[in-house]
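Hi everyone, thanks for coming. Please have a look at the structure on the screen, and I'll walk you through a few parts of it.

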Amino acid sequence: MKTYRFISSLVIVAFILSACGAAAPAASEQLPLKVAWLVFNGYSPFFIAREKGLFQQHGVQVQGVQADTTAAEIIDLSGNAADCALIVFSDAIPASESNDMKIVMVIDSTNGADQLIASSDVNSVADLKGKRIGVAFGSYSELFVRQILKINGLTPGDVQLVNVAPENLAGALGKTVDAGHSYDPYTAQAFSKGYKKIASTADVPNLVFDAVACNNSVLKARPNDVRAFVAAWFEALTWWQANLKDGNNIVAQATNQKPEDISTEGIKLFTLKDNQSAFDSNNPASLFAAAQQTIDFYATIGALSHAPDLNALIDGSYLK
Amino acid sequence: MSENNSNPTMRLPKFGNFSLSTKLVSAFLIVTLIPLAIVSYLNYRSTTQALVQAADVKIASAAQETANEVDAFFRITLSATRVKAQDPVIVNYLLLPADQRAGSVEEAQVYKLLDAYSREDLLYVNSIGVIDANGKSLADTSQAEVGVDKSDRVYYQQAIKTGLPYSSELIFSEVTGKASIYFTAPIRNPADGSIIGVFRTRYDAGILQSIVSKNANLIGDASLPVLLDDNHIRLAHGVLPDLDYKTIVPLSADALAKLQADHRLPAGTAQQLSTNLPEFEAGLNNVDKQPFFIAELHEQGEGTEETTAVKLKSHPWIMVFGQTNTVFLAPIQAQARTSLIIAIILAALAAALGFVVAQSLAGPVVRLTAVADRIAAGDIEVQAKVETGDEVGILAGTFNKMTAQLRDFIATLELRVADRTKALATSAEVSRRLSTILDQKQLVTEVVEQVQSSFNYYHAHIYLLNEAGDELVLAGGTGDAGQTLLARGHKILKGKGLVGRAAEKNVPVLVSDTSKNPDWLPNPLLPETKSEVAVPISIGDQALGVLDVQHNITDGLQQEDANLLLSIANQVAVALQNIRQYENTQKIAADMGVVANVGIATSTITDATLLLQEVVDLSKKSFKLYHAHIYLLNETGDTLELTSGAGEVGRQMVSEKRSIPLDSEQSLVARAARTHEGVVVNDVTAAPDFLPNPLLPDTRSEMAVPMLAAGKVIGVLDVQSETVNRFTDVDVSIQTTLASQVAVALQNARSFSQTQRQVERETAVNLITQRIQSTTSIEAALKVAARELGHALGMKPTLVSLDRAAPTGEPKDN
């Protein structure tokens with residue numbers, strides 16, 4: 001009996017000791033998914049989903065991180081100030097060299113929204129020869145303009161490319177540049193000064209995409225949060241298309257615009273089905289084709305040390 | 001066992017034979033050391049696992065960190081090469097027509113620029129140059145390179161082909177045998193983006209050794225990185241640079257030749273260019289499945305290393321990191337030493353404690369054992385000392401009680417033997433006396449007196465079952481109480497009380513303490529009774545009575561008394577049966593004597609009526625009957641007519657000419673005649689169809705036996721008694737014998753009477769004949785005949801007529 005008691009005591013002590021040694025599990029608290037964004041009407045489903053609580057309904061807390069430029073968004077990604085970012089796809093190619101990330105969803109492709117604006121005396125792209133053209137160096141802006149020049153038989157040597165951000169083009173026109181790239185709503189400022197559109201992304205389809213990029217570390221640690229984000233996005237898109245006016249009011253409030261300025265003209269918003277086709281490497285209009293053009297562009301300007309592994313960079317598995 | 005045949009092999013003593021203190025010390029040691037050993041083992045295992053896991057985390061982190069540093073070198077160098085390739089000085093130089101380049105201002109600027117670049121790293125960068133679009137080296141910090149055609153070099157071809165910067169594998173120079181890494185980037189025409197040349201930087205491969213070796217001992221002593229290429233050729237070794245450019249295991253001749261042809265290995269044999277560490281090689285080949293493995297990373301090491309490997313991003317290379325097991329497991333050895341010291345201290349303490357406890361426990365037990373030995377030797381006066389209040393103390397107290405009881409037992413043993421002897425003697429005496437007693441009353445008296453006096457019981461008495469078997473009637477008891485109860489005709493119903501139950505169940509019923517038995521009923525004549533036992537007096541299953549004994553001492557009667565008394569009761573039962581059989585035999589003999597006397601008395605009586613009257617009178621008197629009478633079957637054989645009856649009642653009934661039809665169902669007499677067998681009704685009050693005779697009101701039992709002569713019934717002898725159950729089978733037999741004798745005598749008397757009449761008739765005929773013959777005439781003869789016949793036949797006057805038709809002179813009877 002005493003032996004039995006002794007052994008029982010020993011077992012209890014052993015349990016207590018082992019319990020003391022075991023680290024108490026930290027209380028699980030859901031971390032927000034930090035998403036970098038900037039003002040662009042194609043990103044409207046993001047604001048609608050956030051306002052209508054669709055992210056929470058799908059089980060993910062989303063915290064917005066506002067940025068001014070795509071470069072700023074990528075810097076946020078790189079420094080872990082953001083987990084994901086709503087960015088221009090082509091900008092992800094050079095960024096992927098130093099930042100381990102993936103493209104998980106296509107938001108839209110610009111089909112006219114990005115425009116080449118020129119003074120009224122310029123009637124065609126060909127007329128730009130010898131002119132100063134404002135582009136954001138090393139970004140999709142330069143890619144777009146170079147492609148427009150290329151399809152119009154011009155080389156970068158035929159013009160003078162000047163580094164101007166699309167957001168600042170209206171101010172530079174007539175001063176440091178004769179033409180340049182910008183997008184809605186900034187094109188409206190240029191138009192009001194008498195400038196006009198001479199080319200757009202409608203002339204180079206399937207080149208400029210907006211996409212959701214996420215850090216690989218977040219994708220590994222919280223894949224379901226990203227899936228929930230994507231699902232909520234599509235739900236918001238569907239709702240917006242069915243409730244355009246209400247949706248526009250939400251977007252206007254979120255981006256500090258007037259509701260009437262909210263327009264998706266020149267933007268093709270990608271549904272789930274569109275995404276599935278964009279992530280299909282066999283599709284000639286897929287992200288893979290656009291990526292190759294982008295790689296060539298960056299290689300040409302000497303901005304790329306490695307060709308990225310596209311199969312690692314473009315990952316459609318989070319659409320499901 | 002003698003020494004000669006003793007078993008030479010040593011036999012270990014069984015644990016059960018060890019002394020108590022040895023067992024206790026052993027138990028203490030086992031109880032202390034086994035848990036300690038288990039805990040230590042578990043602790044050892046968990047600590048080892050924790051240390052290994054911690055080491056794994058560290059080596060994985062160190063491997064990744066070192067790999068990142070190598071990758072960073074490549075990434076930065078590649079980026080720098082890319083950016084340098086875009087320098088307008090170089091672009092403008094290359095945009096010059098080929099024949100205008102030499103000696104141009106642009107060329108001088110290019111050389112200045114290249115010299116400036118070379119100052120970035122004077123140690124490892126040994127050549128920076130510009131190659132034109134055709135692969136010709138145009139300008140280089142190493143003059144030997146100028147003018148050399150590089151178009152066959154991989155680094156040139158890759159830059160042209162991909163349009164992207166390129167970093168080479170380690171390339172061994174055919175000339176110097178030195179290993180180098182080449183970084184190239186295409187130089188483009190900014191106007192149209194076309195490639196117009198290649199910018200090239202050559203690094204001494206020692207840069208890798210420089211980077212990797214800095215991380216030796218990164219996570220502690222005996223930790224080291226090893227950089228391997230995709231052929232597992234060491235590119236850099238954390239502590240042993242001599243192993244650089246050697247494979248882990250010897251390569252096959254073909255593989256070696258191919259790598260040497262590709263300038264991936266220097267000149268030398270497989271033996272010279274390899275180590276032989278197959279475990280290391282196997283671990284690397286399995287690293288995708290098992291990221292951590294134990295292997296010897298170099299032959300000069302101290303034992304094996306816990307190892308992991310990660311892949312680089314810049315090249316298909318592997319960064320291995322390992323740490324010698326004994327280093328990171330050193331804490332476990334310290335812990336093992338501590339555990340051992342604790343175990344030794346605990347073992348010593350446990351042994352000491354066990355010894356002390358053993359002494360405190362075993363001391364009293366040993367002394368108690370000595371006491372037990374003395375008791376075993378016959379010293380029952382010895383007392384054990386009660387030293388403690390625990391189980392051993394209780395045992396000592398119990399020991400003392402036991403010896404006290406032993407002394408008491410031995411002291412009373414002689415008394416008990418004497419008692420037992422006396423009991424046996426009494427039993428024998430009773431037995432002896434019983435064999436000579438043939439009187440039941442005397443027997444009962446003798447038994448109760450003997451039993452009471454021999455054992456000094458308070459009281460003893462015997463009950464006997466009545467003939468009906470439903471009551472136990474007191475047959476004898478000791479003292480005044482016994483006499484009083486006997487005089488009262490004391491009886492007990494069978495099944496009631498101790499006595500009744502003993503008779504009913506045929507087993508002794510013992511009440512050792514009457515005060516504790518609520519069912520026990522006191523007898524006012526025996527007020528001192530404290531215990532009582534009733535034992536059945538029985539032959540087999542048949543109870544004859546009960547011997548009841550009472551004592552005035554509580555528990556004075558025990559089971560052994562019951563056993564003794566049962567033995568005596570069995571002897572009494574046999575004696576009682578003997579007496580009863582003796583009495584029965586006596587009665588039969590007397591009855592047979594009566595039968596003989598009746599036979600003699602009636603043998604001389606020739607008159608039937610007298611004969612029968614004598615029989616009934618004698619029967620009634622001799623057999624002490626209430627009544628006896630005889631019915632005779634009439635000549636037609638259908639009615640039994642009362643012929644004689646004893647006494648006045650009998651004569652009166654005869655005079656009334658009573659008769660019974662032979663076929664009367666209810667009549668005992670008719671039934672005996674019909675069946676030729678004796679019929680008995682032993683309790684007429686219980687017989688529903690019995691017809692009481694007003695002249696015989698006291699009849700309680702009746703017996704009718706047939707009177708048989710030559711197998712035929714001639715009558716019935718019917719006898720009656722005032723007592724219930726008066727007639728037995730023996731009585732039937734005796735009375736049947738008597739009846740048969742009477743029947744024969746009656747037949748004799750009847751024959752005698754008939755013979756006598758025949759003689760008288762023949763005498764009368766002879767006389768008439770003589771008188772007729774003495775006549776001389778017919779008429780006289782007829783007169784004489786008529787007169788004599790009338791006289792003989794008692795008829796007058798007599799008329800004689802002659803029939804003339806008669807052929808003969810023979811007279812006719814009328």
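A quick word on conventions. Residues count from 1 along each chain as its sequence is written, and chains are lettered from A and ligands numbered from 1 in the order in which they are written. Because the model is predicted, local features need pLDDT of at least 70 and side-chain atom pairs count only at pLDDT 80 or more, while totals for chains, interfaces and linings use all residues; side-chain values use heavy atoms, with hydrogens and water left out.

Now, A:L86 is among the residues with the most contacts inside the largest nonpolar core, along with A:F46, A:F89, A:L128 and A:F229. That core has 101 residues. By nonpolar core I mean a set of buried Ala, Val, Leu, Ile, Met, Phe, Trp, Tyr and Cys residues joined through side-chain atoms within 4.5 Å; buried is under 20% relative accessible area, exposed over 50%, and partly exposed in between, with a 1.4 Å probe and protein chains only. Helix α10 of chain A, residues 223-242, gives the largest share, 10 residues. Helices here are DSSP runs of H or I with at least four residues, strands are runs of E with at least two, and both are numbered from the N terminus. Apart from this core lies another of 50 residues, including B:F199 and B:M319.

Next, the disulfide, which is a pair of cysteine sulfur atoms within 2.5 Å. How many does the structure hold over all chains? It holds 1, joining A:C84 to A:C214 with S to S at 2.1 Å. A:C84 sits in strand β3 and A:C214 in strand β10 of chain A, so the link ties together parts 130 residues apart in sequence. A:C84 is buried, at 1% relative accessible area, and A:C214 is buried at 1% too.

Finally, over to chain B. Its open sheet of 5 strands runs β8-β7-β11-β10-β9, with antiparallel pairing; strands pair if DSSP finds at least two bridges between them. The edge strands are β8 and β9, each pairing on one side only. Strands β10 and β11 of chain B pair over 7 bridges, and B:K311 stands opposite B:I318.
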